[in-house]
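User: Hey, can you walk me through this model? I'd like the layout first, then the charges.

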Amino acid sequence: MSEINIKVTKDKNEVKYVSIIKRAANKSIAEIKEKLCDNTYVLSCDSTDIDGMIKMNEVIGLLQGAGAKVIVYENDMEVGKKFLENLIESHFDTEKFLDEMDEHLWA
């Protein structure tokens with residue numbers, strides 16, 4: 001399975017970013033600050049975890065709204081926010097298709 005990860009480029013607004021990430025992640029402030037300083041992934045979720053990806057997309061929006069430069073990765077390849085949005089949409093499309101197929105098969 002693939003994993004969706006984000007990095008946030010450290011800058012003068014780090015305190016704002018830590019606060020936003022802290023609300024979304026079960027991590028300590030020290031751990032988040034360390035990840036920002038080390039330029040490692042601050043949030044991760046499995047690509048099959050639709051709820052996790054939706055939450056991650058919301059966090060990215062909040063971070064970008066606070067002025068952060070956010071980089072999205074699939075595994076270790078840079079993909080961008082649009083990729084994440086398309087992946088979320090794809091999950092919903094698949095779910096809708098399966099629901100329609102169930103209705104058709106059991107009608």
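This is a predicted model: local features need pLDDT of at least 70, side-chain atom pairs count only at pLDDT 80 or more; totals for chains, interfaces and linings use all residues.

User: Fine. In what order do the elements of the protein chain run from the N terminus on?

Analyst: The order is β-α-α-β-α-β-β-α. That comes to 4 helices and 4 strands.

User: And what box do the C-alpha atoms fill?

Analyst: Roughly 60 × 25 × 20 Å, taken along the principal axes.

User: How much of the chain is buried?

Analyst: Buried residues make up 35% of the 107 residues.

User: OK, the core. Which residues of the largest nonpolar core touch the most other members?

Analyst: Those are Ile4, Ile6, Val8, Met53, Met56 and Leu63, out of 27 residues in that core. Seven names come up as suppliers of at least two core residues each: β1 (3-8), α1 (14-24), α2 (29-38), β2 (43-46), α3 (50-65), β3 (70-74) and α4.

User: Which one gives the largest share?

Analyst: Helix α3, with 6 residues.

User: Switching to charges. How many salt bridges does the count come to?

Analyst: The count is 2 salt bridges. In one, Lys10 pairs with Glu14, and the closest N and O atoms are 3.7 Å apart. In the other, Glu85 pairs with Lys81, with the closest N and O atoms 2.7 Å apart.

User: Why can side chains pair up like that?

Analyst: Side chains of opposite charge can pair when their charged atoms come close.

User: How far apart in helix α4 are Glu85 and Lys81?

Analyst: They are 4 residues apart, so about one helical turn separates them.

User: Is Glu14 buried or exposed?

Analyst: Glu14 counts as buried, because its relative accessibility is 13% and the cut-off for buried is under 20%.

User: What about the Glu85 and Lys81 accessibilities?

Analyst: Glu85 counts as partly exposed at 26% relative accessibility. Lys81 also counts as partly exposed, at 23%.

User: Last one. Which residues form the negative surface patch?

Analyst: Glu95, Asp99, Glu100, Asp102 and Glu103 form it.

User: Where does Asp99 lie?

Analyst: In helix α4, which covers residues 81-106. Asp99 is partly exposed, with a relative accessible area of 40%. Patch members need over 30% relative accessible area, so Asp99 is above that cut-off at 40%.

Methods: Residues are numbered from 1 along each chain as its sequence is written. Side-chain values use heavy atoms; hydrogens and water are left out. Patches are made of residues with over 30% relative accessible area and no salt bridge: like charges are joined within 9 Å, nonpolar side chains (Val, Leu, Ile, Met, Phe, Trp, Tyr) within 5 Å. Accessible areas come from the Shrake-Rupley method with a 1.4 Å probe; for residues, only the protein chains shown count as cover. A salt bridge is a side-chain nitrogen of Lys or Arg within 4 Å of a carboxyl oxygen of Asp or Glu. Lys and Arg count as positive and Asp and Glu as negative; His and the chain ends are not counted. The place of a charge is taken as NZ of Lys, CZ of Arg, CG of Asp or CD of Glu. Buried means under 20% relative accessible area, exposed over 50%, partly exposed in between (1.4 Å probe, protein chains only). A nonpolar core is a set of buried Ala, Val, Leu, Ile, Met, Phe, Trp, Tyr and Cys residues joined through side-chain atoms within 4.5 Å.
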